[in-house]
Amino acid sequence: MNEPGLQEMKYFIQNGTCENYIISFSHFVPRQELVPSKQFLREPNLPKVIGSESLEKQIRKLGSNMHIFGHTHISTNKEIEGIKYLQWPLGNPRERERQCK
């Protein structure tokens with residue numbers, strides 16, 4: 001999410017025109033905790049290059065209830081500090097076959 005869009009959303013939230021549930025999206029992984037332990041990874045160095053503090057700050061500033069992300073192609077469904085984080089990779093035929101049975 002970019003800063004101008006974040007400011008616009010903040011305006012709607014403060015003025016009561018945006019209610020209920022806020023869902024945000026990104027391609028990149030916002031937190032290190034969203035990656036499985038190294039023992040479950042094919043690429044053990046993956047945790048060194050993912051997780052974005054600035055993205056996580058924007059998600060919190062927006063007030064997201066749920067954040068959907070991608071990039072690692074590892075299914076994730078976790079709640080951390082009141083935000084539900086989801087990733088459901090379907091980018092290639094093998095992923096679609098495994099995930100959509």
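This note covers the salt bridges of the structure above.

1. The basis. This is a predicted model, where local features need pLDDT of at least 70, side-chain atom pairs count only at pLDDT 80 or more, and totals for chains, interfaces and linings use all residues. Residues are numbered from 1 along each chain as its sequence is written, and side-chain values use heavy atoms, with hydrogens and water left out.

2. The count. Five salt bridges are present (a side-chain nitrogen of Lys or Arg within 4 Å of a carboxyl oxygen of Asp or Glu). A network of these bridges links R31, E33, E56, R60 and E81.

3. R31 with E33. Their side chains form a salt bridge, N to O 2.7 Å. R31 is buried at 9% relative accessible area. E33 is partly exposed at 40%. The cut-offs: buried is under 20% relative accessible area, exposed is over 50%, and partly exposed is in between (1.4 Å probe, protein chains only).

4. R31 with E56. Here the closest N and O atoms are 3.0 Å apart. This pair links distant parts of the chain: E56 sits in helix α2 (residues 53–62), R31 in the loop between β1 (23–25) and α2, 25 residues apart. Helices (H or I, at least four residues) and strands (E, at least two) are DSSP runs, numbered from the N terminus. Both E56 and R31 are buried.

5. E56 with R60. This salt bridge has an N to O distance of 2.8 Å. Both residues lie in helix α2, four residues apart, about one turn of the helix. E56 is buried, with a relative accessible area of 9%. R60 is partly exposed, at 31%.
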